[in-house]
Amino acid sequence: MALVVEDGTGLANAESYDSVAGIGVYLAAFGDTSWAAASTAAQEVAARKGTRFIDASGVEEWQGYALRPEQSLAHPRVGIVVDGYELAYAPLPARLKQAQALLSLAALTTDIYPNLAAGSAPTESETIKVGPIEISSTFLGSASPVEVFRLAEDLLRPLKYASTRVVRA
């Protein structure tokens, strides 16, 4: 089945923000050769997974609103402001496609959005002793049990609301 790429009009059946070729051009510019070595079918599946990862990151975090209510993906969006300038909804933001390329590359070889078993977060403990008093605590650690795709997340950050967003009536 051919990959359906979002063209900036809010397609109801889009599966990817960029084409397999577009992803390959971006990755090759940074010296990656593993994308080109993969089959087209594997690349298409990875592109879908990279897009799904982006969209699953929380639609409530994206700036603006979807161009069309029936569109299948979180983008295109109206009302995204980066560095004081409102972005056009088409073409899609380059940083969105760049993040998808990085996530798609990772999806070739790993499950980028795995299910987590209950209790799978590492447990850490701490003991504090002051004089004769000692307190021990066990808590869920800050170490993530899943891989973090920092560059992709950093590329997407300007397209999302700041975590300290204030909304006034």
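A: Happy to! The protein has five helices and six strands, and keep in mind that this is a predicted model.

Q: How much of the protein counts as buried?
A: Of its 169 residues, 32% count as buried. The accessible surface is about 10,400 Å², and carbon and sulfur atoms make up 57% of that.

Q: And what share of the contacts is between residues 24 or more positions apart?
A: Such pairs account for 59%, counting contacts with a separation of 6 or more.

Q: OK, on to helix 1. Which of its residues are buried?
A: Val20, Ile23, Gly24, Tyr26 and Leu27 are the buried residues of helix 1. They sit on the same side of the helix, because they cover an arc of only 165° around its axis.

Q: What's exposed on the other side of helix 1?
A: There you find Ala21, Val25 and Ala29, which are exposed.

Q: What covers the buried residues?
A: The cover for helix 1 includes helix 2 (34–37), helix 3 (40–56), helix 4 and helix 5 (150–156).

Q: Let's take helix 4 from that list. At what angle do helix 1 and helix 4 cross?
A: Their axes cross at roughly 85° and come within 9 Å. Helix 1 is therefore roughly perpendicular to helix 4.

Q: Which residues meet there?
A: From helix 1 you have Ile23, Tyr26 and Leu27, and they meet Gln98, Gln100, Ala101, Leu102, Ser104 and Leu105 of helix 4. By class, this contact has six nonpolar residues, three polar ones and no charged ones.

Q: Nice. What follows helix 1?
A: Gly31 does, and its phi is positive, near 90°.

Q: Switching topic: where is Tyr89?
A: Tyr89 lies in the loop that runs between strand 4 (85–86) and helix 4 (94–107).

Q: Why does Tyr89 count as partly exposed?
A: Tyr89 has a relative accessibility of 40%, so it counts as partly exposed; that class lies between the cut-offs of 20% for buried and 50% for exposed.

Q: And what does Tyr89 touch, leaving out residues up to four places away in sequence?
A: Tyr89 touches Gly8, Leu67, Pro76, Arg77 and Val78.

Q: One last thing: how far is Tyr89 from Gly10?
A: Their C-alpha atoms are separated by 9.4 Å, while the two residues are 79 residues apart along the chain.

Conventions
Residues numbered from 1 in each chain as written. Predicted model: local features only at pLDDT ≥ 70, side-chain atom pairs only at ≥ 80, totals over all residues. Heavy atoms only, no water. Helix = DSSP H or I, 4+ residues; strand = E, 2+ residues; numbered from the N terminus. Buried < 20%, exposed > 50% of the residue type's maximum accessible area, 1.4 Å probe, protein only. Contact = heavy atoms within 4.5 Å. Axes fitted to C-alpha atoms, helices over the stretch in contact; angles between N-to-C directions. Parallel < 35°, antiparallel > 145°, perpendicular 65-115°, else oblique. Nonpolar A, V, L, I, M, F, W, Y, C, P; charged D, E, K, R; others polar. Areas by Shrake-Rupley, 256 points an atom, 1.4 Å probe, with all protein chains shown as cover. Arc of directions from axis to C-beta.
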